[in-house]
Amino acid sequence: MRELFDEVAGQSPLDPQEAVRRATRTPQRKRFYASASVAKTDGGFSVTLDGRPIKTPSGKIVIAPKREIAEAIAAEWQAQQEIIDPLTMPLTRLANSVVEAVADRADAVADDIEKYLGSDLLFYRAGHPEGLVAREAAHWDPIVFWAAETLGAHFMLAEGIVHVRQPETAIASARAAFPGDPWSIAALHVVTTLTGSALLALALTHGVRDPEQIWAAAHVDEDWNIEKWGVDDEVAARRAARLVDFQAATRILKALKP
């Protein structure tokens, strides 16, 4: 079971998309258990396969902080058919990453999220055409204003792609709004890397925007190009794969929201 878990899990939430790539390269395995369930244990809830708790490659038992999260992970295992498909198990991959790579270094993961605040997607705006300029403003301005008014994080906006150095006070103020527990930090990092925006991830975490609005805001430019030039099948497939991980991270953040 440990070998299988290694295959369905990413090495770190620092690159959630690599977890998907690794999973697609590994050989699929036959289902070896009859049922998946949840058991109360010290510190939270474990997911069990025929009564045995799932473990990470290093032998650590995966303990979810909320029953809702453990039940969702168990549902992924229970939903598997004759062949186990890791691509359908985003919560399992995320859970393994939390236990293996985040639990003992949440601050390092938070540091990595903070780096995005120096060149966040929302800070760099199109100069033309007017329709795109207006659409970016409609999706992004409310979040930038929220960061300034609620978090005290006053960021600089720029036109084009020339780097603008952000005030350290703004970055520090936004960093102060990061959640502190490993599961939320891991989920926040996944959303940040998938959207290219720590501010979008923070807005989602604090309930400023719902997941659909956040996903749309992350793809304003891409959707504009699709409307003009049509859909690229390969790009659409990658976006669909990212959405699976995004939804898993969103589920974690929702379950842990105070």
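**The chain as a whole**

- The protein chain folds into twelve helices and eight strands.
- Of its 258 residues, 46% count as buried.
- Taking contacts between residues at least 6 apart in sequence, 66% join residues at least 24 apart.
- The accessible surface of the chain comes to about 12500 Å², and carbon and sulfur atoms account for 52% of that surface.

- The average pLDDT of the protein chain is 89, and 90% of the residues score at least 70.
- Please take care with residues 1-13, where pLDDT stays under 50. The model does have 47 contacts beyond four places in sequence for this stretch.
- Where pLDDT is low, the predicted coordinates should not be read in detail.

**Helix H8 and its ends**

- Helix H8 covers residues 182-195, and at 1.5 Å a residue its 14 residues should span 20 Å. The end C-alpha atoms are 20 Å apart, so the model agrees with that expectation.
- Of the 14 residues of H8, 13 are buried, so the helix is largely enclosed by the rest of the structure.
- After H8 comes Gly196, which has a positive phi near 80°.
- Pro182 belongs to H8 and counts as partly exposed, with 23% relative accessibility.
- Setting aside residues up to four places away in sequence, Pro182 touches Val98, Val102 and Ala103. Val98 is 84 residues away along the chain, yet the C-alpha atoms of Pro182 and Val98 are separated by 6.4 Å.

**The largest nonpolar core**

- The largest nonpolar core has 73 residues, and the members that touch the most others are Ile73, Trp77, Phe155 and Trp183.
- H8 supplies the largest share of this core, with eight residues.
- Beyond its neighbours within four places in sequence, Phe155 contacts Leu117, Phe123, Gln166, Ala170, Ile171, Ala174 and Leu199.

**Helix H9 and its cover**

- Helix H9 (residues 198-205) is mostly covered, with eight of its eight residues buried. The buried residues are Ala198, Leu199, Leu200, Ala201, Leu202, Ala203, Leu204 and Thr205.
- The cover over these buried residues includes helix H5 (106-116), H6, helix H7 (168-175), H8, helix H10 (211-218) and H12.
- Ser197 caps the N-terminal end of H9 through a side-chain oxygen that lies 3.3 Å from the backbone nitrogen of Leu199.
- Just after H9, Gly207 has a positive phi of about 75°.

- Arg239 lies in helix H12 (residues 233-256). Its relative accessible area is 17%, so Arg239 is buried, because buried means under 20%.
- Not counting residues up to four places away in sequence, Arg239 touches Trp215, His219, Glu222, Asp223 and Ile226.
- Arg31 is found in the loop between strand E1 (29-30) and strand E2 (36-41), and with a relative accessible area of 22% it is partly exposed.
- A polar atom of the Arg31 side chain lies 2.8 Å from the backbone oxygen of Ala34.
- Residues that Arg31 touches, leaving out those up to four places away in sequence, are Trp77, Gln78, Gln80, Gln81, Glu82 and Ile84. Arg31 and Gln78 are 47 residues apart in sequence, and their C-alpha atoms are 9.7 Å apart.

**A cis peptide bond**

- His128 and Pro129 are joined by a cis peptide bond, with omega about -5°.
- Pro129 is placed in the loop between strand E7 (124-125) and helix H6 (130-151).

Note on methods:
Residues are numbered from 1 along each chain as its sequence is written. Side-chain values use heavy atoms; hydrogens and water are left out. Helices (H or I, at least four residues) and strands (E, at least two) are DSSP runs, numbered from the N terminus. The expected span of a helix is 1.5 Å times one less than its number of residues. Buried means under 20% relative accessible area, exposed over 50%, partly exposed in between (1.4 Å probe, protein chains only). A nonpolar core is a set of buried Ala, Val, Leu, Ile, Met, Phe, Trp, Tyr and Cys residues joined through side-chain atoms within 4.5 Å. Contact means heavy atoms within 4.5 Å. Accessible areas come from the Shrake-Rupley method with a 1.4 Å probe; for residues, only the protein chains shown count as cover. pLDDT is the predictor's confidence in each residue, from 0 to 100. A polar contact is a pair of N or O atoms within 3.5 Å; within protein, one must be able to donate a hydrogen and the other to accept it, and residues adjacent in sequence count only if both atoms are side-chain atoms.
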